[in-house]
Amino acid sequence: MIIIGTGAGGGTLLHALSPTGKRILVLERGLFLPQEKDNWSSQAVFIDAKYTAHETWVDKNGKLFHPGIHYYVGGNTKFYGAALLRMRPQDFGELRHHGGISPAWPISYEQMEPYYTKAEHLYDVHGKHGEDPTEGRSSVDYLFPPVSHEPRIQQLSDDLEAIGHRPFHLPLGIRLLEKNRDLSKCIRCSTCDGFPCLLHAKSDADMICVRPALEYPNVTLLTEALVTRLQTDASGRTVKIVHVQRNGLNEQYSADTVVVSCGAINTAALLLRSGNDKHHRGLANSSDVVGRHYMCHNNSAFMALSKTSNPTVFQKTLALNDFYFGNSEWEYPMGHIQMLGKTDGDTLRGNAPKFVPKFILDKMAQHAIDFWLTSEDLPDPDNRVVIDTQGQISLQYTPNNQEGHKRLIAKLKSLLNKVHCHDVLFSRSVYLNQRIPIGGTAHQVGTVRFGLDPKTSALDINCKAHDLDNLYVVDGSFFVSSSAVNPGLTIMANALRVADHLKRIL
C-alpha cells in the first residue's frame, strides 16, 4: 500500500493500518518540522511566515498569491488549534440555510459516531460530552476531562450563563495532565493555536500517529517526496505507478492500493494532473466533480477589549453553539463561536500602522479576548480547483451564504457589554490580511466528494474512487458539506472508518 500525505487523514489511516503487518510506503512532500525556539515566536510564525510553503497559486482573477499552507510530516495539524469537534447530527442531513441548501451526506451521524469516539480517544481529546446542547449522542465520554478555564475565561463563561446562554468547554486535542502537571507534556503555554508545539505536546498527526507507526518494520516513510502524477494501467481501472520527485530525481513506486491524502486542494490538483486517454478530465473524474464544490467556511477572527485585564495564558478553552441552528429571531443557521489563542503585542505590532505607539498595542493585548467565528459555506460547483497545462493551481472561490455569518458577528457584538467587554470588536488582521490563505488552507474540504451516485460524486461511501479499483481518498476532500465546526475530527474519524473497510478487504 502507498499512502500519500501524513496529515489528519493519511496519518490517522497509517496509524490504524500499521499493526496489520501489511507493507506500507508513506510519501510525504515535506520534512519533519524542526524543533526550535522559533516554534514559539509570533514574529517567525505569523509575521515572517517562516514555516509557510514558498509557492504561489492563482486566484479567480488570475492574480498570484502565496497560500498559507504547510508541508511537513503531520500536515496542517502541526499548526492547527487542536479544536476537535464532532459535526452535529443535523449536519449529516439536508439543512436549509439563508443562502441555499446544505446537502445530505450518504452516511449518517450514527454510522460515524463510533469512529468519532475512537478518534477522540486516539487524539487525547479533552472535553465533556453533554455540555453542548447541540451535540449528538455519544457512546463513550472523552478519556480526559475538559481543559479548565483560567479566571478571566471562567468569568466569561459565568457571564454568558447568567444571561441565558450555554457555553461549553471546547474539545481540545492536547497532551495535558492537569492533575499531574509534573508529568504533563503540555504546559498550557500561550503558543498553541496556530503555532507548532516546541514540546511536541499537541495532538497532531505527526506525534500521535506517524511516529508511533514508524516503529513497525512494515512501514517506510519517505520525506521530501513530491507526488507529481498517478499513472494507470492500460485498462484505466488501476493506479499502476506513482510518479515522485525526490532529491532532484524522478522516481516511481507501485502498490496494490493507493491512498491520496494531500489536502482538499492538492489532492484535487493531483487527480486533475493525472488525466490520460481513459480519464480525459482527470483521474476519478467521470462525474466532473473533482476540484469542484470547494469549501473553506466563512471564518472571522475578532479581538474584544476586556474592561478588566485579561492575563489568561492558555485562552482557547471555551465555545458557544447557541446560534448554530439559528434562534427565535432568525430561522437559519448562523454558526459556531470559539476562543482563539491569546493576542500578544508582537502579533498586533506586525499588522498595525507604524504610527501606533508600542505601549498602546501592548495595553490592548493585555485587555484582549479573542474569538473565532465559523459559519457554513455551501458547496458551489463553480468554487473549484483548476490546473493549467503547466500544473499551476488556480483556486477559484467566491464566498457564499454570508448573511448568517454577518448575523453571528452581530450576535457576538451584542453580548460584549454583558460579559464585561467594551462593545467593539477589532479584526485580528494577522489572520485576515488575506482571505484565501486562512480560508483556503485551514478548513479546506469538498473537492472529491463521496456519494452513492457515480454521476454526482467521485468516491463511493468507503472513499474509493468510483472509476478505479485501487484508489482511495481520506482527507477533507470527501466532504459533501462543510458544517460549521472545525473539520479535523471528522477527517480523523473517517480515516478510521475507511481503515476498517480496508482491513476487511486487503
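The tour of this predicted model opens at a pair of helices whose crossing, that of α3 and α12, is right-handed.

**Stop one: two packed helices**

Select residues 109-122, which form helix α3, and residues 488-505, which form helix α12. Two packed helices are described by the angle between their axes and the distance between the axes. Here the angle is about 110°, and the axes lie 8 Å apart. Angles of 65 to 115 degrees count as roughly perpendicular, and α3 and α12 are therefore roughly perpendicular to each other.

Next, display the side chains at this contact. On α3, select Met112, Tyr115, Tyr116, Lys118, Ala119, Glu120 and Leu122. On α12, the contact residues include Leu489, Met492, Ala493, Leu496, Arg497 and Asp500.

**Stop two: a sheet of three strands**

Move to the open sheet in which three antiparallel strands follow the order β11-β12-β13. Select β11 (225-232) and β13 (249-253), which stand at the edges. Each has a single partner strand, so one side of each is left without a neighbour in the sheet. When the view is turned, a twist averaging 25° from one strand to the next can be followed.

Now select β12, residues 239-246; seven bridges pair this strand with β11 in the antiparallel sense. Which residue of β12 is the bridge partner of arginine 229? The partner is histidine 243.

**Stop three: a sheet of six strands**

The following selection is an open, antiparallel sheet of six strands, ordered β8-β16-β17-β18-β15-β21. Its edge strands, β8 (168-169) and β21 (421-427), each pair on one side only. Begin at β8, which two bridges join to β16 (residues 318-320). Phenylalanine 168 stands opposite alanine 319 in β16.

Two bridges pair β16 with β17 in the antiparallel sense, and leucine 320 has isoleucine 337 as its bridge partner in β17. On the next pairing, four bridges join β17 to the antiparallel β18, where leucine 373 is the bridge partner of isoleucine 337.

Finally, show the side chains of β17. Are they buried or exposed? His336 and Gln338 point one way and Ile337 and Met339 the other way, and all are buried.

Terms used
Residues numbered from 1 in each chain as written. Predicted model: local features only at pLDDT ≥ 70, side-chain atom pairs only at ≥ 80, totals over all residues. Heavy atoms only, no water. Axes fitted to C-alpha atoms, helices over the stretch in contact; angles between N-to-C directions. Parallel < 35°, antiparallel > 145°, perpendicular 65-115°, else oblique. Left-handed = near helix turned anticlockwise from the far one by under 90°. Contact = heavy atoms within 4.5 Å. Pairing = 2+ DSSP bridges. Buried < 20%, exposed > 50% of the residue type's maximum accessible area, 1.4 Å probe, protein only.
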